[in-house]
Amino acid sequence: MLTRKIKLWDINAHITCRLCSGYLIDATTVTECLHTFCRSCLVKYLEENNTCPTCRIVIHQSHPLQYIGHDRTMQDIVYKLVPGLQEAEMRKQREFYHKLGMEVPGDIKGEACSAKQHLDPRNGETKADDNSNKETAEEKQEEDNDYHRSDEQVSICLECNSSKLRGLKRKWIRCSAQATVLHLKKFIAKKLNLSSFNELDILCNEEILGKDHTLKFVVVTRWRFKKAPLLLHYRPKMDLL
């Protein structure tokens with residue numbers, strides 16, 4: 001079977017951030033135009049702008065941060081294509097937490113590159129490491145049963161601010177920082193026996209959150225200097241004309 005080898009520099013333009021010119025880290029995509037950037041770069045840029053850095057389309061007049069989302073697929077692709085990038089990023093994050101004297105989150109402490117590759121120095125081509133494909137059934141079972149418990153965790157308080165809905169019996173929860181607002185909507189809808197999770201809005205600081213926002217993103221952008229738990233409110237969805 002014929003295989004085509006692609007050189008890494010031939011696809012660099014597709015896996016680098018236009019704002020910092022580095023490889024994508026915590027890849028985040030603008031939902032309006034699907035251009036992708038590093039999350040930290042894009043958040044910093046949108047603090048003073050409301051347009052896409054690439055195509056200049058208006059993301060949103062007043063709340064552009066609600067219309068961007070974590071792109072896990074793109075980040076996985078970048079990590080698989082660029083040798084050593086994920087390990088280097090994890091090392092930087094561990095050093096950052098150690099420098100501040102903070103406990104290293106579980107997902108950073110134990111994370112390993114899922115698809116190890118190396119770069120052939122002779123021709124600049126990426127080549128898969130044969131050992132990366134050897135995963136035992138026992139390791140696979142352990143990974144499947146983890147349920148994201150090793151992820152960085154976020155403590156949340158879910159309060160109801162509408163008389164049309166009842167409060168949760170257990171409003172204090174702790175879950176993965178990679179969980180999204182959509183996951184919370186489904187959780188609340190199930191607990192309240194609602195016919196659809198689309199009937200809900202979730203707010204932080206009286207601002208409606210986008211369904212694709214991860215909890216880590218919400219904490220960083222809206223709860224950065226406040227103490228845990230992250231306080232979120234839910235209410236019936238309001239259709240704005």
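Reader: What are the ground rules for the values?
Author: Residues are numbered from 1 along each chain as its sequence is written. In this predicted model local features need pLDDT of at least 70, side-chain atom pairs count only at pLDDT 80 or more, and totals for chains, interfaces and linings use all residues, while side-chain values use heavy atoms, with hydrogens and water left out.

Reader: Why is Leu34 called exposed?
Author: Its relative accessibility is 62%. Exposed means over 50% relative accessible area, buried under 20%, and partly exposed in between (1.4 Å probe, protein chains only). Leu34 therefore counts as exposed. Leu34 lies in the loop between β1 (27–30) and β2 (36–38). Helices (H or I, at least four residues) and strands (E, at least two) are DSSP runs, numbered from the N terminus.

Reader: What is the phi of Leu34?
Author: Phi is about 70°, a positive value, although Leu34 is not a glycine.

Reader: What makes Asn193 exposed?
Author: Its relative accessible area is 66%, so Asn193 is exposed. Asn193 is in the loop between α7 (181–191) and β8 (200–204). Its phi is also positive, near 55°, and Asn193 is not a glycine.

Reader: Why is Val104 called buried?
Author: Val104 has a relative accessible area of 8%, so it is buried. Val104 sits in the loop between α4 (85–99) and α5 (106–109). Val104 and Arg94 are ten residues apart in sequence, and their C-alpha atoms are 6.2 Å apart.

Reader: What makes β8 largely enclosed by the rest of the structure?
Author: Five of the five residues of β8 are buried, so the strand is largely enclosed.

Reader: Which way do the residues of β8 point?
Author: Leu200, Ile202 and Cys204 point one way, and Asp201 and Leu203 the other way. In a regular strand the side chains alternate between the two faces of the sheet.

Reader: How do you know that β8 and β10 pair?
Author: Two strands pair if DSSP finds at least two bridges between them. β8 and β10 have four bridges, in the antiparallel sense. Within β10, His233 is the bridge partner of Leu203.

Reader: How many bridges join β8 to β9?
Author: Two bridges join them, and the strands run antiparallel. Cys204 stands opposite Glu207 in β9. β8 and β9 form a hairpin with two residues between them, and Asn205 in the turn has a positive phi of about 55°.

Reader: What makes the Gln66 and Glu207 side chains a polar contact?
Author: They are joined at 3.2 Å. A polar contact is a pair of N or O atoms within 3.5 Å; within protein, one must be able to donate a hydrogen and the other to accept it, and residues adjacent in sequence count only if both atoms are side-chain atoms.

Reader: Why is Gln66 called buried, and which residues does Gln66 touch?
Author: Its relative accessible area is 17%, so Gln66 is buried. Contact means heavy atoms within 4.5 Å. Leaving out residues up to four places away in sequence, Gln66 touches Glu207, Ile208, Gly210, His213 and Arg222. Gln66 is in the loop between α2 (39–46) and β3 (68–70).

Reader: Which peptide bond is cis, with omega near 5°?
Author: The bond from Ala228 to Pro229 is cis. Pro229 is in the loop between α8 (215–222) and β10 (230–236).
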